[in-house]
Amino acid sequence: QLQLVESGGGLVQSGGSLRLSCAASTTLDYYAIGWFRQAPGKGREGVSCISGSGDSTTKHADSVKGRFTISRDNAKNTVYLQMNSLKPEDTAIYYCAALLLRRCSSLSPSSENILTSWGQGTQVTVSS
């Protein structure tokens with residue numbers, strides 16, 4: 001069963017950068033992977049996703065376009081989220097999940113879009 005573990009979070013000043021990692025317990029290249037986040041007192045929202053290998057499709061939420069980049073290293077069974085120009089409103093717990101469809105077409109965090117269980121996530125805190 002595919003399991004994903006998030007890492008790379010931390011405390012950073014506004015304008016800074018972080019790179020999050022989503023490591024898989026098995027071969028990851030077939031799966032589309034999404035990054036999601038949940039801020040205190042808010043619901044979980046989709047941030048970015050990347051399609052399975054062979055499909056270059058990526059998708060980003062409007063709030064992170066131009067600042068966040070998603071990529072994958074299939075040799076390491078890892079998907080990365082490079083976050084630049086971070087803002088205080090990016091503060092949240094960040095989660096990754098495999099998507100039901102091989103193509104990244106939706107950033108919905110609903111069970112209709114998500115294949116894997118939610119992990120513990122990684123905390124990102126951006127100070128002003």
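**Strand pairing and ring contacts in a predicted model**

Trainee: Which residue is the bridge partner of Phe36 in β5?
Mentor: Strands are DSSP runs of E with at least two residues, and helices are runs of H or I with at least four, numbered from the N terminus. Two strands pair if DSSP finds at least two bridges between them. In β5, Phe36 is bridged to Gly46.

Trainee: What kind of model is this?
Mentor: Residues are numbered from 1 along each chain as its sequence is written, and side-chain values use heavy atoms, with hydrogens and water left out. Local features need pLDDT of at least 70, side-chain atom pairs count only at pLDDT 80 or more, and totals for chains, interfaces and linings use all residues; the model is predicted.

Trainee: How many bridges join β4 to β5?
Mentor: The two strands form a hairpin with 5 residues between them, and Gly41 in the turn has a positive phi of about 75°. Within the pairing, Trp35 stands opposite Ser48. β4 (residues 33-38) and β5 (residues 44-50) run antiparallel, and the number of bridges joining them is 6.

Trainee: Which residue of β9 is the bridge partner of Gly34?
Mentor: β4 also pairs with β9, in the antiparallel sense, over 6 bridges. There, the bridge partner of Gly34 is Ala97.

Trainee: Which strands stand at the edges of the sheet?
Mentor: The open sheet has 6 strands in the order β2-β10-β9-β4-β5-β6, with mixed pairing. A strand with a single partner has one side left without a neighbour in the sheet, so the edges are β2 (10-13) and β6 (58-60).

Trainee: By what angle are neighbouring strands of this sheet turned against each other on average?
Mentor: Axes are lines fitted to C-alpha atoms, for helices over the stretch in contact, and angles run from 0 to 180 degrees between N-to-C directions. With direction ignored, the average for this sheet is 30°.

Trainee: Which class does the Tyr30 and Tyr31 pair fall into?
Mentor: Rings of Phe, Tyr and Trp (its six-membered ring) pair if their centres lie within 6.5 Å; planes under 30 degrees apart count as stacked, over 60 as edge-to-face and the rest as tilted. The count by this rule is 3 aromatic pairs. For Tyr30 and Tyr31 the centres are 5.6 Å apart and the planes stand at 90°, so the class is edge-to-face.

Trainee: Is Tyr31 buried, partly exposed or exposed?
Mentor: Buried means under 20% relative accessible area, exposed over 50%, and partly exposed in between (1.4 Å probe, protein chains only). Tyr30, at 52%, is exposed. Tyr31 has 22%, so Tyr31 is partly exposed.

Trainee: How many residues apart are Tyr95 and Trp118?
Mentor: Tyr95 and Trp118 form an edge-to-face pair, 5.9 Å centre to centre with 70° between the planes. Tyr95 lies in β9 (residues 92-98) and Trp118 in the loop between β9 and β10 (122-127), a separation in residues of 23.

Trainee: Is Tyr95 buried or exposed?
Mentor: Trp118, at 29% relative accessibility, counts as partly exposed. Tyr95 has a relative accessible area of 8%, so Tyr95 is buried.

Trainee: Which residue has its charged end over the ring of Tyr95?
Mentor: A charge sits over a ring if NZ of Lys or CZ of Arg is within 6 Å of the ring centre and within 35 degrees of the ring normal. Over Tyr95, 4.2 Å from the ring centre, sits the charged end of Arg44.
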